[in-house]
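Student: Hi! I've just opened this one and could use a guide. Can we go through it together?
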Amino acid sequence: MTRAARWALGAWLALLVACGLVVARTPFTTDLSAFLPRSPSPVQELLVEQLRDGVASRLMLIGIEGAPPERLAEASKRLAAALRASGVFASVNNGEEAGFETDREVLWRYRYLLSPAVRPERFSAQGLHASLTELLGQLASSAGVLVQRMASADPSGELLSLAERLAPQARPRTQAGVWFSKDGARALLVAQTLAPASDIDAQQRALSLVRTAFAEAAAGGEAKLVVTGPAVFSVASREHVREDAWRLSLIGSVLIAGLLIALYRSPRVLGLGLLPVASGALAGIAAVSLAFGSVHGITIAFGVTLIGEAVDYAIYLFTQNAPGAAPESTFARIWPTLRLGMLTSICGFSAMLLSNFTGLAQLGLFSTAGLLVAAAVTRWILPSLVPRGFSVAAVAALVPGTLAAVRAAPRLRGALLVVLATAVVFLVARPQPLWSSSLASVNPVSAAEQALDRQLREDVGAPDVSYLVVIGAPDQEAALQASERAAAALREGVSRGWLQGFDHPAAYLPSLATQRARQQALPPAEVLRANLQAAQKGLPFRPAAFEPFVRDVAAAAELPLLERSSLQGTSLGLRLDALLVRRGSGWAAMLPLRGVGDADAIAARLADLPGVTLLDLKRQFDELYRGYLREAVLHSLLGAAAIALLLFLALRSPRRVLDVAAPLAAAALATCGVLALGGVQLSIFHLIGLVLVVAVGSNYSLFFDRQAPASQERGRTVVSVLFAALTTVIGFGLLATSKVPVLSAIGTTVGLGAAMALAFSAIMSRQDAHAA
Amino acid sequence: MVRIALVLMAFALPAHADALEDLMLRLAQVKSARGKFVERKELAMLNAPLESSGTLVYAKPGRLEKHMLEPRRESMILDGDTLTLEDKDRGQVRSFAVQENPVLWGFVESIRSTLSGDLATLKRFYEVRLEGAGADWHLRLRPTDRRMQKAAKEIRVSGSGTWVSTIEIDEAGGDHSVMTIRREAP
């Protein structure tokens with residue numbers, strides 16, 4: 001070992017130790033927010049924030065199915081009781097009245113401060129007479145039993161009208177005392193965790209609590225549990241990522257190691273071949289940790305892809321080493337090509353570095369740092385560690401066949417042209433746009449889970465909100481007052497048919513000003529008694545029948561105003577928490593709209609209210625995504641241009657740049673064609689995949705392009721490229737099977753693209769120049 | 001003395017249960033019925049009883065219609081699980097699953113389940129006792145559910161043969177109502 005080699009070895013070991021130290025302190029995250037855009041506008045910030053931590057994001061929708069209704073109901077009641085007792089949930093609702101008793105108490109106590117019907121004229125002799133006449137009719141009616149008990153204290157029926165107004169619009173049907181889906185096949189529970197959705201560990205604990213509590217509640221029965229909700233998605237995605245990262249890395253490593261051991265027939269060389277990858281991965285994690293402060297799970301999972309790319313370097317070195325040649329001299333020969341290939345890859349990866357998706361930027365940095373270190377290890381460390389006189393014997397046997405195949409390949413040029421032409425025609429002629437412009441296309445949640453979520457939401461009557469009125473205000477009182485003004489405008493919209501309905505925070509907690517105005521509308525006891533007496537004329541009520549009413553009105557006039565804290569522990573309070581949130585130094589009120597028919601009219605009506613904005617959520621998110629897609633396409637084009645410039649600087653011949661670039665462009669085009677043929681609408685992740693195809697494939701076409709004097713040497717080169725491509729296709733092909741859409745999109749694209757880049761490089765290679 | 005009472009009860013119970021099941025079986029044979037009702041409610045807050053009247057229609061197994069004609073036109077239709085309240089004077093219709101309102105459900109089921117001879121459903125809401133027999137029987141229904149107990153102390157359904165002739169309700173607050181049903185001339 002030379003002195004320089006020893007120095008290199010020492011520096012490498014020091015680097016490994018340093019990286020190891022950094023990695024040991026690195027927090028690993030798996031929450032999805034890394035794959036949400038870093039949003040630029042305050043409104044979008046609010047959206048992302050609500051998505052991550054909002055009360056709506058803490059919802060867990062639970063279904064119990066697969067047994068007779070009585071059994072389901074019983075399991076629902078037991079599960080709800082266990083969850084309520086656990087202290088992990090802010091609320092658990094399954095339709096049992098138990099959950100609403102505290103609501104009723106609050107509504108009863110504060111009915112005269114909550115009801116919008118409370119105005120001075122309602123308590124005049126005339127107003128009371130109208131109320132009492134109405135009451136008499138209700139008492140006679142079949143449903144009279146419902147009003148009878150409350151009538152003497154609440155003759156104007158404020159409680160019933162409040163309960164009706166505040167009841168969620170669509171409620172699940174009740175059967176055997178608990179909520180059921182419309183078809184009666186599934187008992188339903190709605191739970192809200194105390195922990196925010198972004199605390200995935202807490203969410204996971206809550207979820208496993210639901211599962212164990214259910215196992216006990218349904219002991220031995222055939223009932224099955226289904227759970228969905230934003231937090232459940234986060235936990236599931238994390239599980240998928242973990243599972244996939246482990247499973248795919250393991251399978252990938254075993255397959256690639258098996259292939260290489262069959263080739264090298266030396267465990268030591270196989271081990272050496274993994275050094276660049278391992279060092280690269282370690283350096284990648286350390287670099288991401290230093291730059292971002294934490295490393296995302298998907299970034300680690302991407303290590304699999306790095307194996308596909310960086311294992312290539314060792315393969316090139318080992319398989320191209322002719323019998324009897326010194327590894328150093330072999331490396332000196334192939335280094336320029338390899339270096340160019342690596343730089344090309346880095347040009348491609350750097351496009352990801354610029355991404356506005358934190359997760360993607362991490363992947364870019366990980367790959368770039370990993371590749372640099374892997375290449376350096378291959379260049380300066382490996383040659384001195386390879387056993388003297390090592391050569392891959394199997395290569396010699398493979399050379400004739402491979403060369404024959406390569407020589408025959410150009411005959412397929414005609415076929416290639418047909419394939420490319422077909423791809424172009426197909427891409428141009430397809431009816432839907434090639435690129436998906438909807439954020440849903442990068443949803444990390446699988447289609448089956450989304451379908452279950454939709455189903456349960458429909459069952460529970462909690463559809464996804466697509467229009468939201470957002471109000472910003474300096475304090476809670478101002479937010480509530482603004483929300484009351486907006487609600488008045490929206491009520492007008494409802495009566496004009498612009499929308500079907502809406503929810504607003506002031507319905508649960510009227511502003512202090514409104515509550516005071518209602519208190520002032522309540523007459524003093526003696527006035528009320530006199531008015532009642534006048535109102536009862538001609539009606540069969542006993543003279544003192546409404547004394548409880550007089551007493552309650554007097555109490556309401558003196559009642560301390562309803563505060564947010566009084567609603568704590570009620571379902572009203574929970575709904576308020578979702579609609580009125582503290583944001584930075586101010587407050588935000590949110591009014592979700594239902595059944596919006598004329599968004600423009602609503603927006604116009606709200607336009608003159610200060611601080612009030614109407615949001616079309618889907619459009620906002622899609623716009624956000626389209627912006628990033630545009631940005632990503634631009635970055636990729638920049639990456640491609642950088643690659644072209646790099647190739648031109650290195651090869652100094654436009655013709656050779658074309659030779660190297662043409663197979664890559666053809667592979668990218670054909671890959672898009674195949675994906676489109678499979679009905680896939682391309683997302684930002686496919687684009688990233690295409691960039692990787694160009695980065696990885698450039699190695700192949702560069703080696704094909706390289707002038708090789710001896711036929712045997714060219715044969716070795718081609719065999720090395722073949723194996724490099726095989727390992728890449730294995731690594732990315734496995735990724736294609738991932739349940740995580742991001743990984744599967746990149747895997748499919750790169751797996752396909754790498755295979756095609758290899759085939760096309762062979763087909764388009766300039767035979768005559770190298771003919772023996 | 002106590003022992004004798006227990007022995008007597010032990011003998012009396014099966015016979016009693018048999019008579020109840022017997023009555024229920026006979027009621028279950030009735031396919032449909034139609035009658036005129038007059039309901040009289042005596043409420044503590046009113047100084048005169050509140051009277052209403054109309055028609056009552058039953059069809060096996062689960063449909064019960066109560067059409068009030070006086071003092072206002074209003075219908076309550078119970079069909080399977082769905083309860084529909086229609087205020088004809090105002091043109092308002094409200095329909096909901098009967099399970100959503102356990103108290104109202106208990107009240108309507110005291111009539112419907114008796115008419116259809118559905119002892120199992122009756123027993124879900126009430127402790128059922130039969131007094132009398134044949135042409136003069138009385139079912140005493142005492143609510144078992146806590147919420148229902150808050151609304152009613154006892155419901156007495158009386159009849160003759162397979163005809164239900166009066167339904168009396170003793171409400172928890174001391175209010176009282178009696179509905180008498182006369183066969184409608186065909």
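Tutor: Happy to! Let's start with a pair of helices: H3(A) and H9(A) make a right-handed crossing. Keep in mind that this is a predicted model.

Student: Which residues of H3(A) make that contact with H9(A)?
Tutor: On the H3(A) side they are Ala75(A), Arg78(A), Leu79(A), Ala82(A), Leu83(A) and Ser86(A). H9(A) brings Leu209(A), Val210(A), Ala213(A), Phe214(A), Glu216(A) and Ala217(A).

Student: And what classes of residue are in the contact of H3(A) with H9(A)?
Tutor: There are nine nonpolar residues, one polar and two charged.

Student: At what angle do the axes of H3(A) and H9(A) cross?
Tutor: They cross at roughly 135° and come within 9 Å. Because of that angle, H3(A) counts as oblique to H9(A).

Student: Okay, tell me about H3(A) itself. How many residues does it have?
Tutor: It has 18, running over residues 69-86 of chain A. From first C-alpha to last, H3(A) reaches 25 Å, close to the 26 Å expected at 1.5 Å a residue.

Student: What comes after H3(A)?
Tutor: Gly87(A) follows, and its phi is positive, near 80°.

Student: Which residues of H3(A) are buried?
Tutor: The list is Leu72(A), Ala73(A), Glu74(A), Ala75(A), Ser76(A), Lys77(A), Leu79(A), Ala80(A) and Leu83(A). Notice that Glu74(A) and Lys77(A) are in it.

Student: What covers them?
Tutor: The cover includes helix H9 (200-217) of chain A, along with strands S2 (59-65), S3 (89-93), S4 (173-175), S5 (178-180) and S6 (186-193) of that chain.

Student: Switching topic: how many residues does each chain put into the contact between A and B?
Tutor: Chain A gives 20 residues and chain B gives 24.

Student: Which elements of chain A give two or more residues to that side?
Tutor: Those are helix H6 (125-140), helix H7 (144-148) and S4 of chain A. By class, the side of chain A that touches chain B has nine nonpolar, seven polar and four charged residues.

Student: Now over to chain B. Is Tyr126(B) buried or exposed?
Tutor: Tyr126(B) counts as buried, because it has 23 C-beta neighbours inside 10 Å. You'll find Tyr126(B) in strand S7 (residues 126-133) of chain B.

Student: What is Tyr126(B) in contact with, leaving aside its neighbours within four places in sequence?
Tutor: Its contacts are Leu141(B), Arg142(B), Pro143(B) and Thr144(B).

Conventions: Residues are numbered from 1 along each chain as its sequence is written. Chains are lettered from A and ligands numbered from 1 in the order in which they are written. This is a predicted model: local features need pLDDT of at least 70, side-chain atom pairs count only at pLDDT 80 or more; totals for chains, interfaces and linings use all residues. Helices (H or I, at least four residues) and strands (E, at least two) are DSSP runs, numbered from the N terminus. The expected span of a helix is 1.5 Å times one less than its number of residues. A residue is buried if 20 or more other C-beta atoms lie within 10 Å of its own, exposed if 12 or fewer, and partly exposed in between; C-beta atoms are placed from the backbone. Two residues are in contact if their C-beta atoms, placed from the backbone, lie within 7 Å. Axes are lines fitted to C-alpha atoms, for helices over the stretch in contact, and angles run from 0 to 180 degrees between N-to-C directions. Angles under 35 degrees count as roughly parallel, over 145 as roughly antiparallel, 65 to 115 as roughly perpendicular and the rest as oblique. A crossing is left-handed if the near helix is turned anticlockwise from the far one by less than a right angle, and right-handed if clockwise. Ala, Val, Leu, Ile, Met, Phe, Trp, Tyr, Cys and Pro count as nonpolar, Asp, Glu, Lys and Arg as charged, and the others, Gly among them, as polar.
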